[in-house]
Structures are given as structure tokens and as C-alpha cells.
Amino acid sequence: MKYLIYKLEPMSPFHIGIKEGSLEETLNYVPSDTLFSAFCNVYRLIYGKEKLEQLLKEFIEENPPFLFSSIFPCIDGKPLFPLPKGIGKERLKLDGEKKKLKKIEYVDEDIFKALLKGETIEIEEKNIIQDKILSKESKEFVWKEIERPRVTIDRKTSSSEIYYFGEVVFMDKLYFLVDLRDEKYKKEIETTVRVLGDEGIGGDRTYGRGLFRMIREVNEIEFDEIDSPWHVILSMFYPTKEDLKGLKGYFELVERGGWVYSIDGRSKRRKFIRMFVDGSVFNKKVIGSMVKVAEDRHPVYRYGYALTLPIR
């Protein structure tokens, strides 16, 4: 089982909002729905409105030509993966305080592939980096979260008020996976991602946040074919009615909302929806869908397809 892996070199801090109205907090990764939305806006700039509508039609009709994972951090240039939910102390054996396992969010590639196969991992405390990462690579920090003070001025009274703005500074590369189902889109994806690096992704792009450079070599990453009905998702996931039939697993839900950014329309609020987060594990392979979240001069959809891997 192979996926394309696109590696990105961050050129500035990022702001990826966690919830509407909270400027202080930021995520330490870029969710797949945010990536897809930014991708479509840049795709429109390069290839035009008609070409984008043709592309979106394939996704809306549940025949996506490619799937994105979320954008995750790397450690020493090697990808980190979200820790599959439901993996407990019987699979991760820590030589030390067991409470530390509850904070783990990411594992390195070797540990992740071993967990997919159902293996038990022996861990030492020195393998825990900044409380959130399990890796045999040695590094003090993979990212840093910073709250920067800013000032807002009241237009009527000219009085000032301080507020704080959250940023995440990645100390290493980022990456995302692409399940390329139609080869004709490969060059267009690469071109769009390169331009997206100059446009930026996430919040506060006006001030140069979210910039990156795509590393020229696009490689493949391979996973073993594992015979298991269980699957872990590496993207945000919005289920279809068929997906929900008999669905069980270990998961977390998050509310997604925000505002529409579009060349064609004014700022407009998106409908709030609940989505399953990266790392959720289900008792079958799920597919996902596009969900309509606003209507402006054109319909606005949120990307909710699942990029999955079998896990034992």
C-alpha cells in the first residue's frame, strides 16, 4: 500500500485556529479540511473557475480523484503520525510513569508501523519528546507554541487594549500524504502546492503566517498490507449514512466552523458540523464525504473524506 508523501519546509510561524473566537490557541498540525480548502482557492487562481468546478464535481459525486491526509510535523525529517486512539498501556509499555502516556499525540514512523501490525512497543522515558511525541530520534523540540502580544485600538475613543495571538513555530519539516487515484492530477497537485506555499495556509496570512516551501522531490511511503477490518484515519472525517451503519471504534469528535474565504464571495459564516479527528480508529474501512456548509455565489463544501490505513 503506497501513498505519495509531500514534504514541506516551513518559512514562517503558523496559526491554525482550534475554535472560533479563540486567537490565543493554535493547533500543532494542519487539518485535512483546511488543507483542501486552501488547495482549492489556489487551484482556482492557477487553472480557473471552470476547471475547479470540474474537480469539485468529482468529489461531490463521491468519486474523488485523490485524497489528502492532514499536514503533520516531522522529526529529523522523518514523518510523525497521530497515535491511533484506543492504543493503551498493554500495547505501549513505558518504563516509567504511566500517566505520561495519556499526553502522547504523535509517534514516529517505526513505532506507528509496528502499532499497525499489532506489535507491543517498549518505551523508555527518554523516548518522550516535549511530553507529546514518542520517538527514538533525539530532539528537544519539534514545534514551539508562542503567544504574541498585540494591541487593538478603539476607533472612537482611541483607547488601546492588549490581546494575545497564538502561533506555532515548526522546528522541522512538515508533510502530508496523497492517495493519488487519477494520475492526470499529479502535476496539477504539485504545481498548486508549490504556489500555496507562497500564498500561505491557516490564519493571519496577511502578516506572512503559514508560508512554506515544497521540497522538490515527491516520494512514496509504503505500508504493509495488513489483514484487519479495523482502520485508522489520517484525516478529518465526515461520515456518510452508509459509513455510520454498524460503526464502532475509538474516536474523538471536534466541531468545525469558521468563515468562508473565496475569490467570488464575501466573508460568510460556515455551518458548524462535527467531524471525527485524525487518529480515530473504526471497526471497518470508512469513506467519508463532502458536506455543504454555506451558500454564497456558489455552494461551499467542507472536505470530509477519510484517508485510512488498516490496523490490527
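**Exercise 1.** In which sense do β4 and strand β6 (residues 106-108) pair, and over how many bridges?

*Solution.* The model is a predicted one, and the pairing is read from it step by step. β4 and strand β6 pair in the antiparallel sense, over three bridges. Within this pairing, phenylalanine 81 has valine 107 in β6 as its bridge partner. Strand β3 (residues 72-75) also pairs with β4 in the antiparallel sense, here over two bridges, and cysteine 74 has proline 79 in β4 as its bridge partner. The hairpin of β3 and β4 has two residues between the strands, and in this hairpin aspartate 76 takes a positive phi near 50°.

**Exercise 2.** Describe helix α1 (residues 32-47) by its span and its buried residues, and then look at what follows the helix.

*Solution.* Helix α1 has 16 residues, and from its first C-alpha to its last it reaches 21 Å, which is close to the 22 Å expected at 1.5 Å a residue. The buried residues of α1 include Phe36, Phe39 and Tyr43, and these three also belong to one aromatic cluster, among whose other members are Phe68, Phe176 and Tyr303. Just after α1, glycine 48 takes a positive phi of about 95°. Tyr47 is another member of the cluster, and the charged end of lysine 51 sits over the ring of tyrosine 47, 4.9 Å from its centre.

**Exercise 3.** Classify the ring pair of tyrosine 29 and phenylalanine 72, and then the pair of phenylalanine 39 and phenylalanine 68.

*Solution.* A pair of aromatic rings is described by the distance of the centres and the angle of the planes. The count of aromatic pairs comes to 31. For tyrosine 29 and phenylalanine 72, the centres are 5.7 Å apart and the planes stand at 20°, so the pair is stacked. This pair links distant parts of the chain, with tyrosine 29 in the loop between β1 and α1 and phenylalanine 72 in strand β3, 43 residues apart. Tyrosine 29 counts as buried at 13% relative accessibility, and phenylalanine 72 is buried with a relative accessible area of 1%. For phenylalanine 39 and phenylalanine 68, the centres are 5.2 Å apart and the planes stand at 75°, so this pair is edge-to-face. Here too distant parts of the chain are linked, phenylalanine 39 lying in helix α1 and phenylalanine 68 in strand β2 (residues 66-68), 29 residues apart.

Conventions. Residues are numbered from 1 along each chain as its sequence is written. This is a predicted model: local features need pLDDT of at least 70, side-chain atom pairs count only at pLDDT 80 or more; totals for chains, interfaces and linings use all residues. Side-chain values use heavy atoms; hydrogens and water are left out. Helices (H or I, at least four residues) and strands (E, at least two) are DSSP runs, numbered from the N terminus. The expected span of a helix is 1.5 Å times one less than its number of residues. Buried means under 20% relative accessible area, exposed over 50%, partly exposed in between (1.4 Å probe, protein chains only). Two strands pair if DSSP finds at least two bridges between them. Rings of Phe, Tyr and Trp (its six-membered ring) pair if their centres lie within 6.5 Å; planes under 30 degrees apart count as stacked, over 60 as edge-to-face and the rest as tilted. A charge sits over a ring if NZ of Lys or CZ of Arg is within 6 Å of the ring centre and within 35 degrees of the ring normal.
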